[in-house]
Amino acid sequence: MHSRGRLCHNSLPHPVRSEGFGAWREMAYNRSMEETIAILDFGSQYSQLIARRVRENRVFSVLCPPDISPDRLRKLKVFGLIFSGGPASVYEAGAPRCDPGILDLGVPVLGICYGMQVTCQVLGAKVDAAPAREYGRTQVEVLEAGGLLAHVPTPTTVWMSHGDMVQTLPKDFLPLARTGNCPLAAVRHRQRPVFGVQFHPEVTHTRHGGQILRNFLYDLCGCHGKWEVGNFVEETIRSIRQRVGPDERVICGLSGGVDSSVTAALLHEAIGERLVCIFVNNGVLRKNEVSLVESTFRGHFKIDLRVVDASERFLGRLAGVTDPQEKRRRIGHEFIDVFRAEAAGIRNARFLAQGTLYPDVIESGHGLSGHAANIKLHHNVGGLPAELGFELIEPLRDLFKDEVRLAGEHLGLPEEIVWRHPFPGPGLAVRIIGEVTRERVALLQAVDEIVIDEIRAAGWYRKISQAFAALLPVSAVGVMGDGRSYEGQQVAAIRFVETTDFMTADFVHIDWEVLGRISSRIINEVKGINRVVYDVSSKPPSTIEWE
């Protein structure tokens, strides 16, 4: 989005390297994918979301650096190109730019926000700071129906986030839409199949954004929608079998969540008993998580599972720490040390598998362009030092959460695993605002259990994308007996969100009766909580997690 607008044996010399859409998978996909849209990532936090929106329309998409060469795109046999937004200004030195030659490929191009600005600038337009910035929902007037804006009513609501804009266009361009502050809110080239929108059709806040993207994919690029998650699963299994030798083993860091479960299932399908899963109890897990993981993966999957209780070590490292990024760093470093010690006894282990997803990558600032702002650290993204000596397998690195669930269903995983709500890698440590102590962990575990119990009983669990409680470092006045007291009384915040991609999200308009029961049970059953609040913020501007 345009903001101005470890485990190793000494005998294993292999460097750690991540495999996203690298050569080993790209070759596999190119055998079966006939339609590909390349998305040039100029550093937007929503670049991955654009890719997700394309795949929602059953069209395969890949993310590419902004300076990718025309020859490379020819080899990908792309049907079209999308230029993402980004935090830079196109007129500043060092701003990311594309090779002008890619506009001569003859395939349709859609520039979004910064992507529109850079495309128009290459073709002779002037881009400068806007007289008035536009952020949030904005009414846009459609000037030319049909083509990119076919079936889009006027006026319509779009999501703007820009401080720069195209000021003047050469005669080869036509305006397609405008707002009160942005006369060139959408444009097209008269001769070339080049289009641009200053707003963001990929976010759900743009009311007809899905229609605009469908117009681009099907009417302008000529795609037919042939890609399926099932293809991804089968091709990934084949690629893993080709990559992992018959005498080599893969270690999977298992958390019990959807991502690591699907990762383990993919690997187990590919290499069977050569997979070893390690589960680390870091002391900040959900209540009864250890027993659930043991029964599920030893019972259902029949997987070689090693469970390590390192709760005292982790809680010791977190003592006195209140900064959320420092919590993540310490948990990540401790995880590596614990994992290294456990993995040292596993022979012929060459690979480490992780359940990294698209949002993990983009929010950690590891987008392909290298320009994305770092929102938060993920201990499983780029955090493994090279001396661990493992090659990294991240089979889900290019998928969104809902795609991972579809992959899990394709693999035949139980419903209770596939549809389990997400849980952060650092666990309850980033849901306990302030210092993490054993007492506060136990407090939040009890609150969290009540929250999940009640929404399951009310039939809301599958309607909510993610539900959790956070413990706030606030002492709230309460009535204890006949007197008022602040001592030991804390505030629990409840967060329910609905989303399809976890890049944008809205709070759930849940029944007040359900919230009332949750609040009543927490206050009555959890000693130390005397106030419950409900979080009604959306993403953006908020994140889903509190820290």
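**Exercise 1. Work out how H14 passes H15: is the crossing left-handed or right-handed?**

Step 1. H14 passes H15 in a right-handed crossing, meaning that the near helix is turned clockwise from the far one by less than a right angle. Helices here are DSSP runs (H or I, at least four residues).

Step 2. Now the geometry. Helix H14 covers residues 438–457 and helix H15 covers residues 512–525; their axes come within 10 Å and cross at roughly 150°. The axes are lines fitted to C-alpha atoms over the stretch in contact, with angles from 0 to 180 degrees between N-to-C directions.

Step 3. So H14 is roughly antiparallel to H15, a label for angles over 145 degrees.

Step 4. Who touches whom? Val447, Ile450, Val451, Asp453, Glu454 and Ile455 in H14 meet Arg517, Ile518, Arg521, Ile522 and Glu525 in H15, where contact means heavy atoms within 4.5 Å. Sorted by class, that contact has six nonpolar, no polar and five charged residues.

A word on the model: it is predicted, so local features need pLDDT of at least 70 and side-chain atom pairs count only at pLDDT 80 or more, while totals for chains, interfaces and linings use all residues. Residues are numbered from 1 along each chain as its sequence is written, and side-chain values use heavy atoms, with hydrogens and water left out.

**Exercise 2. Find which residues make the contact of H9 with H10.**

Step 1. H9 brings Arg313, Phe314, Arg317 and Leu318, and H10 answers with Lys327, Arg330, Ile331, Glu334, Phe335, Asp337 and Val338.

Step 2. Split by class, you get five nonpolar, no polar and six charged residues.

**Exercise 3. Which residues touch the most other members of the largest nonpolar core?**

Step 1. A nonpolar core is a set of buried Ala, Val, Leu, Ile, Met, Phe, Trp, Tyr and Cys residues joined through side-chain atoms within 4.5 Å; buried means under 20% relative accessible area (1.4 Å probe, protein chains only).

Step 2. Out of 70 residues, the answer is Leu81, Phe83, Val250 and Leu275. Helix H7 (residues 258–271) gives the most to this core, with eight residues.

Step 3. Apart from that core lies another one, of 50 residues, with Ile331 and Ile522 among them.

Technical notes: Helix = DSSP H or I, 4+ residues; strand = E, 2+ residues; numbered from the N terminus. Nonpolar A, V, L, I, M, F, W, Y, C, P; charged D, E, K, R; others polar. Parallel < 35°, antiparallel > 145°, perpendicular 65-115°, else oblique.
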